[in-house]
Structures are given as C-alpha cells and as structure tokens.
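Let's take a walk through a protein model together. Have a look at the structure below, and then we will follow a few aromatic rings.

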Amino acid sequence: MSIQLSLNGLSFCILQKDTNTISTLKTIDFNRKLNPIELLDELKGLFNTEPPLHDNFDNICVIHDNELSTLVPKPLFNEDALADYLKFNSKILKSDYITYDNVLLSDSVCVYIPYININNYLIDKFGAFTFKHISTVLIESILQLEKNAEVTKVYVNVSASHLEIIVVEKAKLIFYNTFEYITKEDFIYYILYTAEQLNLNPEVFNLVFIGDINKDDEFYKITYRYVRHITFGNRNDTFKFIENTKTNYSNFALIKSF
C-alpha cells in the first residue's frame, strides 16, 4: 500500500502483487488547507471508513507531500547540518523532526520535514514502513523515464493547490521546486519564471504535464497560450486496474512509488 499525504488532500493505493493489480485507488481533496493535527484526524477517519485499509500489507510506503524540503548535492551533504539546509527556505522549529532521502539517480539528497505525527500513528498501527518525500519519488521516476532523452523537458506535476516543476536535460536533473498557487495567473507565472531563470525559450522547450490536469482545465489553457510544445506524461506502468485511473499520468507519485 502507498499513502500520499498533504495538507490539502490525501490519497491511497493498494497493489495486489500476486496478480499485479491495483485493487483500490482513492483520492480525497479537502475543502481547505489543514494543519498537521487535522490531517491526522482525516487519516484516522479514513481508516475507520475504508475496509480495504484493514487488510494486512507486506509493504507500506508513505509519501509526504509538502514544501518543507530542499535538495542538496551529494558531495556537499553533511548529515549534521540538516537544519542549516532547510532554514533558508522553510520556517522550522527546534522541535521539528528533520530527515533525508538519498535521491539515487540525481546524486543528491532531499532534506525535509515529514509529518511526524502521521508517522507515529502509522508506526503504532502497522509497525515498520517506508516513508519518502514526494520530490524523491518524482525526481527518480522522471529521471528513469528520461534516461535516454536528448532534449530538455520541463515536467509540471499538478495538484489542487500546488505544483512541482522538475527540469531534466539529457537525463540529468537541472531544477526542482514546488510552488503554491491560487489563480491560473499564479500557475503560469511560476512556469514562465522558472523558464526565464533557466534561459529556456517557451517557443522551444518541451513541457510535460502530469498529475491532476487535462485539456479542459483553465490551467492547461493559459499555459497553452504561452508555451508552444505541451504534452501529457505517461506513468508507463504495467499494472492492471480494477477501476481505471482518470488518466495514464494522474496519481503519478502515488503509483510510481511501487
């Protein structure tokens, strides 16, 4: 089972390994941005109302989807300086638990603050499990998909209130960041600002949408006004599904975590 958690929503997915089948996939969007205590209450409610979550699982992966992270090049990484890496772009407290993932394909380290109250609850419920930051899953999955690519691609992973931008050039990670947005103008601003900072021409580079977006969305339409080459990604998974996903690029991080 994989569970993806953010303050704006959560989702979970169950894979039956013997048949290579995704038997359960569910996404819940909150009407507002919660705090970590309210998020835990939502998760507890989910376990009370979803019978599939009462099964026994061989493996559990939890994906922490928040902006409290930063990437550090592996050669510069010092495990004793985790708070120093985060304090420049995140508000951190002395009580915050800081950890890191090795992002193997990019030779970097993701330093982040997980929702430790969620982790503690799941430890009590299931015992040992794996947890990662969403950037780790996205970066490794996209670099694997782009391992033979020769052109620069700008991946945009779209969620209800934030987007991740991952720029890859010749199978190497060039850029990663996450941005919160409210309006479609916010949305396109972050894409164009990133392109400008990296000297990428909107008439030339390839933009690939993944996540919760389609051609009817206002966010797609405004992007299409400014960026010439837009496609939708593909998880390229080989799973069978009891119920089909919305698209073959939706729930990207959740499903690619298997």
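Start with a cluster: ring pairs link Tyr181, Phe187, Phe209, Phe219, Tyr220, Tyr224, Phe232 and Tyr249. Rings of Phe, Tyr and Trp (its six-membered ring) pair if their centres lie within 6.5 Å; planes under 30 degrees apart count as stacked, over 60 as edge-to-face and the rest as tilted. The model you see is predicted, so local features need pLDDT of at least 70 and side-chain atom pairs count only at pLDDT 80 or more, while totals for chains, interfaces and linings use all residues. Residues are numbered from 1 along each chain as its sequence is written, and side-chain values use heavy atoms, leaving out hydrogens and water.

A search of the whole structure finds 19 aromatic pairs. One of them joins Phe209 and Phe232, a tilted pair with 6.3 Å centre to centre and 35 degrees between the planes. This pair links distant parts of the chain, 23 residues apart: Phe209 belongs to strand S12 (residues 206-211) and Phe232 to strand S13 (residues 229-232). Strands here are DSSP runs (E, at least two residues), as helices are (H or I, at least four), numbered from the N terminus.

Phe209 has 0% relative accessibility, so it counts as buried. Phe232, with 24%, is partly exposed.

Phe232 also pairs with Tyr249, this time stacked, at 4.8 Å centre to centre and 15 degrees between the planes. Tyr249 sits in the loop between strand S14 (240-241) and helix H7 (252-256), and is buried at 7%.

Definitions and conventions
Buried means under 20% relative accessible area, exposed over 50%, partly exposed in between (1.4 Å probe, protein chains only).
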